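Colleague: I would like to go through the labels on this model and hear what each one rests on. Please show it first.

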Amino acid sequence: MHSCGHEVTHNLSDRAADRRAGFARWLEARDCSACWKAARDADTVAKEQWLAARRAEEQAAATEWAERFGMPPLEGSERALSWGERSRFALVTAAYTALVTEGNWTEEDWAVLEEKVRTIGHAGWWIDQREADANDLPELLDAATSDDIGTENPYR
């Protein structure tokens, strides 16, 4: 009998005789395979729902930020666009905090960097930089290639 209340017959003949009793006790303390799989699948559904809600919140914040600061739309596949927007938002806002709020950059220094940010229109570039250190954003922008520059007019 498993802890879930289901009775399942297990073949323990492949276990050494001195280990069968211990394994049987271990099995009794666990849910049966069907209950374990159902619990795992329920956790997966809950996790997927939580993740979808979290991504929607992040996307809304990234969209609002892009509109507020006049960021041009990114280019790329449909799937990459939202991921790139979230990555750009996260990296640029973290860089502002690190360089201006907590660092020694002035708003004028930041305005120059922000114009460089507007030139990077490839969503894949932002996705590739998603785990970069926020303090490295100026160097990352300087290292961007012509493939990373968007076709949108950066001078609005």
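Modeller: This is a predicted model. I would start with Glu-58 and Arg-54, whose side chains meet in a salt bridge, 3.3 Å from N to O.

Colleague: What makes the contact of Glu-58 and Arg-54 a salt bridge?

Modeller: The cut-off is 4 Å between a side-chain nitrogen of Lys or Arg and a carboxyl oxygen of Asp or Glu. The N to O distance for Glu-58 and Arg-54 is 3.3 Å, so the pair qualifies. The two belong to a network of salt bridges that also links Arg-55 and Arg-86.

Colleague: Why are Glu-58 and Arg-54 said to be about one helical turn apart?

Modeller: Because they are four residues apart in helix α2.

Colleague: Are Glu-58 and Arg-54 buried, exposed or partly exposed, and why?

Modeller: Buried means under 20% relative accessible area and exposed means over 50%, with partly exposed in between. Glu-58 has 23%, so it counts as partly exposed. Arg-54 has 38%, so it is partly exposed too.

Colleague: Which residues of α2 are buried, and what do they pack against?

Modeller: They are Gln-59, Ala-62, Trp-65 and Ala-66. These buried residues pack against α3, residues 78-101. Trp-65 also forms an aromatic cluster with Phe-69 and Phe-89.

Colleague: Why is the pair of Phe-23 and Trp-26 called stacked?

Modeller: Ring centres must lie within 6.5 Å to pair, and planes under 30 degrees apart count as stacked. For Phe-23 and Trp-26 the centres are 5.6 Å apart and the planes are at 15 degrees, so the pair is stacked. Both residues lie in helix α1, three residues apart.

Colleague: And what makes Trp-125 and Trp-126 edge-to-face?

Modeller: The cut-off there is over 60 degrees. The planes of Trp-125 and Trp-126 are at 85 degrees, with centres 4.8 Å apart, so this pair is edge-to-face. Both Trp-125 and Trp-126 are buried.

Colleague: Why is Asp-142 called exposed?

Modeller: Its relative accessible area is 53%, and exposed means over 50%, so the label holds. Asp-142 forms a salt bridge with Lys-116, the closest N and O atoms being 2.8 Å apart. That pair links distant parts of the chain, helix α6 and helix α4, 26 residues apart.

Note on methods:
Residues are numbered from 1 along each chain as its sequence is written. This is a predicted model: local features need pLDDT of at least 70, side-chain atom pairs count only at pLDDT 80 or more; totals for chains, interfaces and linings use all residues. Side-chain values use heavy atoms; hydrogens and water are left out. Buried means under 20% relative accessible area, exposed over 50%, partly exposed in between (1.4 Å probe, protein chains only). Helices (H or I, at least four residues) and strands (E, at least two) are DSSP runs, numbered from the N terminus. Contact means heavy atoms within 4.5 Å. Rings of Phe, Tyr and Trp (its six-membered ring) pair if their centres lie within 6.5 Å; planes under 30 degrees apart count as stacked, over 60 as edge-to-face and the rest as tilted.
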